[in-house]
Amino acid sequence: LVAKRSDAKAPEKNERYETKEPSVPNVVMSLIEQAKTWTSEQRFDRAIQLLERAQRIAPNYSRIYLNLGRIYSEQGEPEAARQMFHRAESLAVNEQERREARRALSNERVLWP
């Protein structure tokens, strides 16, 4: 048993299941934006390189994995895409990111053989 402090305050209902957005360096955001540009130009190899670099800097940022999953899906690599979407879901810091990852997973399942 753990003794509770009398002045301890329980989190508000809307605070209980949400965590704060991780502090992500500007360079990571820049790499993600550059990767989106390369993706739109069908230069998936370059986009993946940039996202992998961002991943080394901020390995727990779910947006990196969502973008990698989308690229792998575009390239016809459903297993790699699925792994990235699962990773994004596990790292999501709020319900919106979790829903986005789940939606990507359900869309990807349609493409699986």
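**Exercise 1.** Find which residues of H1 meet which residues of H2, and work out how the two helices are arranged.

*Solution.* Step 1: list the H1 side, which has Val 27, Val 28, Leu 31, Ile 32, Gln 34, Ala 35, Trp 38 and Thr 39. Across from them, H2 brings Phe 44, Arg 46, Ala 47, Leu 50, Leu 51, Arg 53, Ala 54 and Ile 57. Contact means heavy atoms within 4.5 Å, and helices are DSSP runs (H or I) of at least four residues, numbered from the N terminus.

Step 1: sort them by class, and you get 12 nonpolar, two polar and two charged residues. Here Ala, Val, Leu, Ile, Met, Phe, Trp, Tyr, Cys and Pro count as nonpolar, Asp, Glu, Lys and Arg as charged, and the others, Gly among them, as polar.

Step 2: look at the axes, lines fitted to C-alpha atoms over the stretch in contact, with angles from 0 to 180 degrees between N-to-C directions. H1 (residues 26-40) and H2 (residues 44-57) have axes 8 Å apart, at an angle of about 165°. H1 is therefore roughly antiparallel to H2, a label for angles over 145 degrees.

A note on the source: this is a predicted model, where local features need pLDDT of at least 70 and side-chain atom pairs count only at pLDDT 80 or more, while totals for chains, interfaces and linings use all residues. Residues are numbered from 1 along each chain as its sequence is written, and side-chain values use heavy atoms, with hydrogens and water left out.

**Exercise 2.** Is Ser 62 buried or exposed?

*Solution.* Step 1: locate Ser 62 in helix H3, residues 62-74.

Step 1: check its relative accessible area, 2%, so Ser 62 is buried. Buried means under 20%, exposed over 50% and partly exposed in between, with a 1.4 Å probe and protein chains only.

Step 2: leave aside neighbours within four places in sequence, and Ser 62 is in contact with Ala 88, Leu 91, Ala 92 and Glu 97.

**Exercise 3.** Describe how H3 and H4 pack.

*Solution.* Step 1: the axes of H3 and H4 (residues 78-91) come within 8 Å and cross at roughly 160°. The two are therefore roughly antiparallel to each other.

Step 1: pick out the residues that meet, including Tyr 65 and Leu 66 in H3 and Met 84 and Phe 85 in H4. By class, this contact has 10 nonpolar, three polar and two charged residues.

Notes: Parallel < 35°, antiparallel > 145°, perpendicular 65-115°, else oblique.
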